[in-house]
Amino acid sequence: MIRYPMTDAELRRQIGAGWLKRALRRTENFRKLGHYAEKAPIWSEVKPVYVALQHNKCGFCERKLADPERGIIEYDVEHFRPKSSVSAWPSDEVRASRGYDWPMGDASGDGYYLLPYHPWNYLAACKPCNTALKSNSFPVAGARAVQGEDPWKMGGEKSFLVYPIGDLDDDPASILTFIGNLPVPVEKSGHAHRRARVIIGFFELDTREDLLEDRAKWISALWMAVRLRETGNADDRAFAEARIREYLAPFAPHSRCLNAFHDLVNTDPAEAAQVAGAMGAYLESKAQARGG
């Protein structure tokens with residue numbers, strides 16, 4: 001995960017005053033009802049705003065998705081805090097396998113019914129992360145505030161998930177980093193450590209083979225560019241520098257992982273070489289398993 005810089009004023013400008021007025025009217029209706037209920041939601045209208053500000057990437061796993069003009073169906077408009085109900089998470093099986101020994105909040109039949117149209121409760125997510133894994137779960141360390149109406153004032157919930165847009169929440173880079181293609185916590189203890197472990201398990205960031213393989217491919221590409229920068233002629237070095245900048249940019253897929261590897265290149269080149277070798281061996285094993 002990475003942070004996507006955005007201010008409240010700019011986000012609202014991009015969404016548009018007309019949509020925001022319609023959203024406010026719907027929110028007032030939910031307030032009167034005391035729960036979320038409507039037949040024809042309008043949040044799909046703002047999906048392109050979040051896809052664009054996230055550089056066509058999933059806000060949770062950083063997979064690069066299709067150009068929104070042609071592949072908008074690949075994205076979900078994710079309600080960070082679920083709108084109509086909240087399921088308890090994790091299951092007993094996941095709790096045991098992941099070693100989670102702390103509470104993560106009770107289920108709620110109401111959900112965050114005043115937030116379905118709050119612009120700071122949206123992000124773009126891929127369907128595996130949102131539909132298959134997150135669904136209507138939202139683990140918290142504090143008291144669940146289902147009647148909250150402003151995400152900027154709901155820090156007391158101590159969410160385990162990190163909201164990546166703007167500076168509403170902690171920078172994901174301070175929570176989660178990578179060793180090779182595997183995500184790991186930045187901190188050794190405390191709530192930040194637990195957040196990282198929950199995020200990793202919640203989105204299965206360390207077990208989804210498509211993510212592991214994709215990260216390994218990009219690490220290998222970055223390593224080859226680093227080596228070309230060291231050994232090539234002037235044209236090679238210029239080409240390599242351009243590729244390195246591209247791989248480390250926020251719009252690149254898995255840029256948090258690649259930046260972590262590049263930091264290792266700079267601080268411990270020998271260890272970086274071992275990691276790159278491990279990525280190559282991993283990719284070779286995948287190719288052999290496919291008969292390639």
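Contact here means heavy atoms within 4.5 Å. The model shown in these views is predicted.

**View 1. Gly142 sits in the loop between helix H6 (127-134) and strand E3 (176-179).** Leaving out residues up to four places away in sequence, Gly142 touches Gly156, Glu157 and Lys158. Its relative accessibility is 25%, so Gly142 counts as partly exposed. Gly142 and Phe30 are 112 residues apart along the chain, and their C-alpha atoms are separated by 25 Å.

**View 2. Strand E2 (residues 122-126) is largely enclosed by the rest of the structure, because 5 of its 5 residues are buried.** Tyr122, Ala124 and Cys126 point one way from E2. Leu123 and Ala125 point the other way. E2 pairs with strand E1 (residues 75-79) in the antiparallel sense, over 5 bridges.

**View 3. The largest nonpolar core has 61 residues.** Trp19, Tyr50, Phe60 and Ile199 touch the most other members. Helix H1 (8-15), helix H2 (17-33), helix H3 (47-53), E1, E2 and helix H7 (190-202) each supply at least two residues of this core. Apart from this core lies another, of 22 residues, including Phe178, Trp223, Leu258 and Met279. In soluble globular proteins, nonpolar side chains tend to be buried together.

**View 4. Ile199 has contacts beyond its neighbours within four places in sequence.** Among them are Met1, Phe160, Leu161 and Val162. Ile175, Leu176, Glu204 and Leu205 are also in contact with Ile199.

**View 5. Tyr36 and Trp43 belong to the 19 aromatic pairs found in the whole structure.** Their ring centres lie 6.3 Å apart and their planes meet at 40°, so the pair is tilted. Tyr36 counts as buried, at 16% relative accessibility. Trp43 is buried too, at 14%. Ring pairs link Tyr36 and Trp43 into a cluster with Trp19, Phe30, Tyr50, Tyr117 and Tyr122.

**View 6. Trp89 and Tyr100 form a tilted aromatic pair.** The centres are 5.8 Å apart, with 50° between the planes. Trp89 lies in the loop between E1 and helix H5 (92-98), and Tyr100 in the loop between H5 and E2, so the pair ties together parts that are 11 residues apart in sequence. Both Trp89 and Tyr100 are buried.

**View 7. Arginine side chains sit over aromatic rings at Tyr112 and Phe239.** Arg81 lies over the face of Tyr112, 5.9 Å from the ring centre. The charged end of Arg243 sits over the ring of Phe239, at 4.9 Å from its centre.

Notes:
Residues are numbered from 1 along each chain as its sequence is written. This is a predicted model: local features need pLDDT of at least 70, side-chain atom pairs count only at pLDDT 80 or more; totals for chains, interfaces and linings use all residues. Side-chain values use heavy atoms; hydrogens and water are left out. Buried means under 20% relative accessible area, exposed over 50%, partly exposed in between (1.4 Å probe, protein chains only). Helices (H or I, at least four residues) and strands (E, at least two) are DSSP runs, numbered from the N terminus. Two strands pair if DSSP finds at least two bridges between them. A nonpolar core is a set of buried Ala, Val, Leu, Ile, Met, Phe, Trp, Tyr and Cys residues joined through side-chain atoms within 4.5 Å. Rings of Phe, Tyr and Trp (its six-membered ring) pair if their centres lie within 6.5 Å; planes under 30 degrees apart count as stacked, over 60 as edge-to-face and the rest as tilted. A charge sits over a ring if NZ of Lys or CZ of Arg is within 6 Å of the ring centre and within 35 degrees of the ring normal.
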